[in-house]
Amino acid sequence: MEAYANALLVAIPAFVLLMSVEMLYGHWTGKQTYVFMDTIASLSSGLTNILKDTLGLAVILISYPWLESQLSLVQIEATPWLYFTAFVCIDFASYWSHRLNHKINVFWNQHIIHHSSEEFNMACALRQSISNVLGYGALFLIPAALLGIPESVIGVLAPLHLFGQFWYHTRHIGKLGWLEYIIVTPSQHRVHHAINTIYIDKNLAAIFCVWDRMFGTFQEELEEEPPVYGVLKPVRTWNPLLINFMHLWGLVQDAWYTQNWKDKFQLWFRPTGWRPIDVAQQRPMKTIENVHDFEKYAPKTSSGLSFWAAFHLLATLGLLLQMLYLFESLNTHLLLQIAGALFVAIFGYTSVMDGKKWALHLECVRSLFTLGWAFVALEGELAVFWMGYAGLSLLGFVVVFLKK
């Protein structure tokens, strides 16, 4: 995890730079693809995912080292061919894992966050899951295990494979000619994020689009059918923690209310969106019927609230970077405390962005608690930065909300 934390210290500034370039380009060309609150929500979601992955908050059901030790048939020497083969294996595994997330009800819960934005830009690429707490992905790496690809090679290439999926989340790059037949491009990924009927569950590949062409999930972006983004059951919130578990909560409710015992068990593994007939009739869910005519989520905001939200995003990002920088020197107990404080902060300020009245009370209590916790539990620069954040948070709360 230390290596991953160090890699993020480089990756995060790089992501911010690319997003800034895209944002400036959109401004200069008059084709801005960023909406302020949506962007804050996307970046906040990225912070929660980094926290979850850095701390290894998952239960590994089956590990790649074990598979490799049990299934290895050959050993490939450490050559460029080894790394290329390993990368292809990772991409193959990614395709099938991604396809599973789109096709099966219970697995959709851990992927809905990535599709939840009604915009499409590099920021929404950072909407990554924290609900994928069961580690079964190694099953899709069986081809790599059979080839005897070492764990160390997979460990090096997996983050690079993930980071390589960032750049094509943009509306500013058109089709790329012959590259459209080899790699995943922005045009192809716009299709993947679209809710138009013809585009649903298409273009599931991560790096090499050949998998979509081989397995029947490829769809070209059509000029006569502009992509519309989001999910057919809109999430209607900026809070990434709620988005991560709302589909699961819906499944739990359906399993509880259906009178058919068979449906209580099968609904989890039915195709995404399937619901028991009795529950669908008694408790209908609102879905988008006309993708070209629906109102995007945009609760009323103000300049003060926007400034306040931006402050919290930048502050939590800074505190996260501080945690990553000090990662090796912090014990597990303290890391969990800091991560917990960041999770609660993100939950709080994104709930205020949603206009929830109870969130204002939560923010006041949270800031006071954070101030006391930092004073008692932290030392040195950690205490200074966290107490500073809590103090400014309280001040902002008074200026923005209590003076109304």
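Start with the lining of the second largest pocket: its residues divide into 16 nonpolar, 12 polar and 9 charged. Here Ala, Val, Leu, Ile, Met, Phe, Trp, Tyr, Cys and Pro count as nonpolar, Asp, Glu, Lys and Arg as charged, and the others, Gly among them, as polar. This is a predicted model, where local features need pLDDT of at least 70, side-chain atom pairs count only at pLDDT 80 or more, and totals for chains, interfaces and linings use all residues. Residues are numbered from 1 along each chain as its sequence is written, and side-chain values use heavy atoms, with hydrogens and water left out.

**Stop 1: the pocket**

The second largest pocket holds about 1,000 Å³ of space. Select Trp108, Val231, Leu232, Lys233 and Pro234: of the 37 lining residues, these are the closest to its centre. A pocket is an open set of points on a 1 Å grid over the protein atoms alone, where a 1.4 Å probe fits, with protein on both sides within 12 Å along at least five of seven lines; lining residues have an atom within 4 Å of a point. The volume is the space filled by probe spheres set on the points.

Now colour helix H11 (240-257). H11 gives the largest share of the lining, 7 residues. Helices are DSSP runs (H or I, at least four residues), numbered from the N terminus.

**Stop 2: the largest core**

Select Ile338 and Trp386. They have the most contacts inside the largest nonpolar core, which has 52 residues. Such a core is a set of buried Ala, Val, Leu, Ile, Met, Phe, Trp, Tyr and Cys residues joined through side-chain atoms within 4.5 Å. Buried means under 20% relative accessible area, exposed over 50%, partly exposed in between (1.4 Å probe, protein chains only). Helix H15 (332-353) is one of the suppliers. The largest share, 12 residues, comes from H15.

Another core lies apart from it, with 26 residues, including Tyr64 and Ala86.

**Stop 3: Ala86**

Find Ala86 in helix H4. Is Ala86 buried or exposed? It counts as buried because its relative accessibility is 0%. Leaving aside neighbours within four places in sequence, Ala86 is in contact (heavy atoms within 4.5 Å) with Ile149, Val153, Ile154 and Leu157.

**Stop 4: the cysteines**

How many disulfides does the structure hold? It holds 0. A disulfide is a pair of cysteine sulfur atoms within 2.5 Å. Select Cys89: the nearest cysteine sulfur, that of Cys209, is 18 Å away. Cys89 is buried, at 10% relative accessibility. Finish at Cys364, which is partly exposed at 25%.

Technical notes: Helix = DSSP H or I, 4+ residues; strand = E, 2+ residues; numbered from the N terminus.
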